[in-house]
Amino acid sequence: MIIDHLDEPLPGSSLRPTPPGVAYTDPEIFTQEQAEIFEKQWNCVLRADSLPQAGTWKTVTVGREEIIVVRTRKAGIAAYYNVCRHRGMRICTTGEGRSKTLKCGYHAWTYALEGELVAAPNLTSMPDVDQEAYGLRPVHVREWLGYVWVCLAEEPPNFDEAVLGEVRTSFGEVESIDNYGIENLACGETKTYDVQANWKLIIENFMECYHCATIHPELTEVIPEFADGLASQRKDGVVHGASFGDEITGFTVDGSSGVAEIPAIAPDQERKYYAITVRPQVFINTVPDHVIIHRMFPVSESRTIVVCDWLFLPEVVEKINAGTLDVSKSVELFHRVNEQDFEACEYTQPSMSSSAYTSGGALVPSEHHISEFHDWWYAALGWRAPEQVRDEQTTAAQA
Ligand code: FES
Ligand SMILES: [Fe+2]
């Protein structure tokens, strides 16, 4: 696959190119993304506390694979391909459940929660069958921030470098994400959005705030500097904390006070909003009293499921569950932001296949950092970015 830019802005222009429209519409490219990105990188799939007891399990889709994530008796959380080792039937045929073993519904091969084959009709008459070797095929699992992360690669990228390192670097040494104690927060609200847009449009949208003044009236009321278009994303190595407006007392839909603040946040983190992207499918947003985490699950080249959690201190969530505390104003702010962003992405997606967008679009200076995401994407698929090709051509022409 060769991706060409036909109308690439000239060197020195204020504008930088985006990938061409085909990058957002071609099913073949999407398949390559599944194989080279989602099936090779760490994916944040579900909250660890959504599997409370041994034997509780859920199925999740990662790339082109369906994965069972289960809490075992002995080894914490494990994850396996949802593929029977006998003749391939899906073992879990619903999205979630609780069972003592994982039993296939076809010929009743039965697997322990820890994966090994423990029973099958006439198994005793096949003493040569290695029950470990015929166990469920595992995938790599990590728990972090209260979430289960899985990686399908045989040799996964080093989690500490690929995920933790990137997040910590983004937050900087002082304004550390650790202060929020995200792993100790509880989930007060979850919303799922079925977005009819390519996953890259959603990432690009999240990384810039050039659109904030146009489509986010409530957000720019709370964070007036967003009206100037500067995103709370990493710039020159450190994430920019965006300040609340002077009259604003909380990150809520009307700027009124929120709930109890996370106690360990640094003075620099008070009255500020931070946001980072953890490629390829997570956004982390922090404010003084809650944390909002988005997980994306690309379904096709033009459809992405986004699951958004609002995390609060456990005592806050206890009160929410008891009906004695209302956090709807806190939830409503980012819910509106999500709806506004996803609507913009959905109105963008159809144009990606237009002949008027064959060569792609342009990034203004406050969006130039998105080029780094594009360069990562080109590299992940084994392609050279057009700018790199152009630089090489320029160098060759000068030689
Ligand atoms: S396919 Fe699962 S037991 Fe036969
Ligand atoms: Fe937005």
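Trainee: Okay, what does the secondary structure of the protein chain come to?

Mentor: There are 9 helices and 20 strands in this predicted model. The radius of gyration is 23 Å, close to the 21 Å from the globule rule for 399 residues, so the chain is as compact as a globular protein of that length.

Trainee: And what does the C-alpha trace span along its principal axes?

Mentor: About 75 × 65 × 35 Å. Buried residues make up 38% of the 399. Taking contacts between residues at least 6 apart in sequence, 62% of them join residues at least 24 apart.

Trainee: What does the domain assignment give?

Mentor: Domain 1 covers 43-150 and domain 2 covers 176-353. Their C-alpha centres lie 33 Å apart.

Trainee: How many residues of each are in contact with the other domain?

Mentor: On the domain 1 side 6 residues, on the domain 2 side 9. Strand 2 gives the most to the domain 1 side, with 3 residues.

Trainee: How many bridges join strand 2 to strand 11?

Mentor: 4 bridges, with strand 2 (residues 43-47) running antiparallel to strand 11.

Trainee: Is strand 11 enclosed by the rest of the structure or left open, and why?

Mentor: Largely enclosed, because 5 of the 5 residues in strand 11 (residues 147-151) are buried. That goes for both faces: Tyr-147, Trp-149 and Cys-151 are buried on one side, Val-148 and Val-150 on the other.

Trainee: Further along the sheet, how many bridges join strand 3 to strand 4?

Mentor: 6 bridges, antiparallel, between residues 56-62 and residues 65-71. Thr-61 of that pairing faces Glu-66 in strand 4.

Trainee: Switching to the nonpolar core. Which residues have the most contacts inside the largest one?

Mentor: Ile-68, Val-69, Val-150 and Ile-202, in a core of 99 residues. Both domain 1 and domain 2 give residues to this core, so it lies between them. In soluble globular proteins, nonpolar side chains tend to be buried together.

Trainee: What is Ile-68 in contact with?

Mentor: Leaving out neighbours within four places in sequence, its contacts include Trp-57, Tyr-80, Ile-91, Cys-92 and Leu-102.

Trainee: Back to helices: how many residues of helix 3 are buried?

Mentor: 9 of its 9, over residues 199-207. Among them are Trp-199, Ile-202 and Phe-206, but also Lys-200 and Glu-204.

Trainee: Which loop holds Pro-288, then?

Mentor: The one between strand 17 (282-287) and strand 18 (290-300). Pro-288 is partly exposed, with 19 other C-beta atoms within 10 Å; the cut-off for buried is 20 or more. Beyond residues up to four places away in sequence, Pro-288 touches Glu-261, Ile-262, Ile-265, Gln-269, Glu-270 and Arg-271.

Trainee: What about Ala-108, what is its phi near?

Mentor: Near 70°, a positive value in a residue other than glycine. Ala-108 lies in the loop between strand 7 (102-103) and strand 8 (110-111), and is exposed, with 12 other C-beta atoms within 10 Å.

Trainee: And is Asn-122 exposed or buried?

Mentor: Exposed, with 7 C-beta neighbours inside 10 Å. Phi of Asn-122 is positive too, near 65°, and its loop runs between strand 9 (117-119) and strand 10.

Technical notes
Residues are numbered from 1 along each chain as its sequence is written. Chains are lettered from A and ligands numbered from 1 in the order in which they are written. This is a predicted model: local features need pLDDT of at least 70, side-chain atom pairs count only at pLDDT 80 or more; totals for chains, interfaces and linings use all residues. Helices (H or I, at least four residues) and strands (E, at least two) are DSSP runs, numbered from the N terminus. The radius of gyration is taken over C-alpha atoms; the globule rule is 2.2 Å times the number of residues to the power 0.38. Two residues are in contact if their C-beta atoms, placed from the backbone, lie within 7 Å. Two strands pair if DSSP finds at least two bridges between them. A nonpolar core is a set of buried Ala, Val, Leu, Ile, Met, Phe, Trp, Tyr and Cys residues joined through C-beta atoms within 7 Å. Domain bounds come from an automatic or database domain assignment.
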